[in-house]
Amino acid sequence: MGQTKWSGRLRRWRSHARGATPFLFPIIQLLNRSRARGATPIIYVAVDLHHLNHSHPPLHKSPSPPSAIFNPTMKNNQNPSMASLFKLFNAPLHLSNLFSLMLFFLFGLCFGIILTFHLKNVSFNLQFSRSNATTTAYATVAAISDLVTVSLPESTPPPEKVGLKNYLTPPEPMHDMTDEELIWRASMVPKAGDYPFDRTPKVAFMFLTRGPVVLSELWERFFKGNDGLFSIYVHSSDSSANVTVPEDSVFSGRRIPSKDVEWGKVNMIEAERRLLANALLDFSNQRFVLLSEACIPLFNFSTVYTYLINSEHNFVESYDLEGPVGRGRYSPKMAPTVDIEEWRKGSQWFEMDRDLAIEVISDKMYFSVFHDFCDGQCYADEHYLPTFVTKRFGQTNANGTLTFVDWAKGGPHPTKYMRNDVTEEFLKKLRNDTSCEYNVKKNQICHLFARKFTSHALDRLLRIAPRLMQFSL
């Protein structure tokens with residue numbers, strides 16, 4: 001019975017010892033030191049060292065006490081550490097040794113827990129460091145991208161189609177072209193006679209003034225209700241004048257780039273050509289009327305428009321006049337371009353069609369002669385157009401003006417009309433003149449406009465003219 005008991009214990013210790021041996025050496029050393037101090041026998045442990053060192057050790061046939069079976073000092077033992085282990089387990093354990101063992105176990109447990117948390121903290125710090133490094137890298141890339149801005153090409157919009165409309169749209173009256181650039185552009189003429197677009201002919205009203213159009217309120221009523229049938233251009237001779245025009249006025253934004261003009265000088269012709277060139281930029285303008293700030297209309301817009309659009313002639317006054325104010329102003333230096341027999345005089349207030357307007361602004365031959373030899377007392381504005389038109393385009397000219405001016409009192413300036421001069425009878429007289437021709441036929445209308453009316457006459461003109469001339473209300 002006892003032998004069976006020890007055999008069972010032996011088998012169990014052999015199986016446990018195979019896996020536990022590497023971990024028992026520190027415990028063995030601790031217990032050996034405790035045993036050296038003297039231990040009270042409490043437990044006996046039997047372990048077969050030969051079985052620990054071999055895969056299948058032989059079993060003893062005869063039972064023996066534990067001390068006889070396992071002798072730590074036997075010569076066959078080849079592991080000193082294992083010998084110490086068996087000495088320890090063969091020795092009785094004292095209570096103090098058990099307490100030391102428990103302390104050692106607790107120490108190991110605490111060391112394991114601390115080591116576990118330490119390893120976790122190291123792993124967390126490593127991950128946190130990696131996260132910080134990644135975040136720093138992203139921040140660095142973002143900072144660099146802010147410093148080095150790469151301009152990616154934006155999606156290119158489809159190219160705008162450039163059609164006939166872009167070519168036909170005139171620029172704003174106040175542009176930055178020089179006179180040379182303006183005349184060059186305005187003198188372009190299409191050879192094809194037919195217009196490939198729907199076009200409503202317009203009349204260009206060109207005001208050559210010293211400052212504002214002082215009778216603008218009367219003209220506002222004249223133009224009212226006729227949008228799309230007229231264009232307005234204003235050349236202010238005194239470019240330094242502060243001209244203010246209400247935004248809702250038909251004259252708002254209609255001033256062209258202007259230069260100073262002196263009465264009787266060649267720069268008066270330059271201003272007229274400048275007005276014509278700006279008006280020619282609008283292909284719809286077919287008739288061109290030169291007016292001053294002292295001019296008024298004598299008929300309503302419908303009558304004036306119909307008269308001009310349907311006319312077969314231009315209206316540039318031209319006649320041959322003997323005496324100091326006629327041929328007396330001619331200079332022999334103008335020959336052979338202009339001879340004395342070709343010298344003409346007339347009113348500067350003209351009306352012409354588009355073809356003649358293009359010829360006027362394109363002329364260099366005759367204009368250069370007048371520029372060089374007709375200045376000062378020559379009064380180029382009274383001779384250039386009459387001479388040029390008669391010599392080059394006399395067959396299309398009516399040799400008359402559509403603007404009434406009274407020179408009966410003589411002198412360098414025509415009669416001025418003040419407030420008391422404006423009556424209904426006076427305006428009727430200006431309107432009813434039956435001594436003119438229109439398209440080679442007798443006509444009751446000789447003048448469409450009249451001058452020279454001062455700003456003091458505006459009040460009476462506003463009370464009488466709209467009703468008499470049947471302006472649109």
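Reader: What share of the residues of the chain count as buried?

Author: Buried means under 20% relative accessible area, exposed over 50% and partly exposed in between, with a 1.4 Å probe and protein chains only; of the 473 residues of the chain, 40% count as buried. This is a predicted model, in which local features need pLDDT of at least 70 and side-chain atom pairs count only at pLDDT 80 or more, while totals for chains, interfaces and linings use all residues. Residues are numbered from 1 along each chain as its sequence is written, and side-chain values use heavy atoms, with hydrogens and water left out.

Reader: How should I read salt bridges, and how many does a search of the whole structure find?

Author: Side chains of opposite charge can pair when their charged atoms come close. The criterion is a side-chain nitrogen of Lys or Arg within 4 Å of a carboxyl oxygen of Asp or Glu, and the search finds 13 salt bridges.

Reader: Which parts of the chain does the salt bridge between Asp179 and Arg274 tie together?

Author: The side chains of Asp179 and Arg274 meet at 2.9 Å, N to O. Asp179 lies in helix 7 and Arg274 in helix 9, so the pair ties together parts that are 95 residues apart in sequence; helices here are DSSP runs (H or I, at least four residues), numbered from the N terminus. Arg274 is buried, at 6% relative accessible area.

Reader: Where does the pair of Arg463 and Asp459 lie?

Author: Both residues lie in helix 15 (residues 458-469), four residues apart, about one turn of the helix, and their side chains meet in a salt bridge at 3.6 Å, N to O. Arg463 is partly exposed, with a relative accessible area of 49%.

Conventions
Helices (H or I, at least four residues) and strands (E, at least two) are DSSP runs, numbered from the N terminus.
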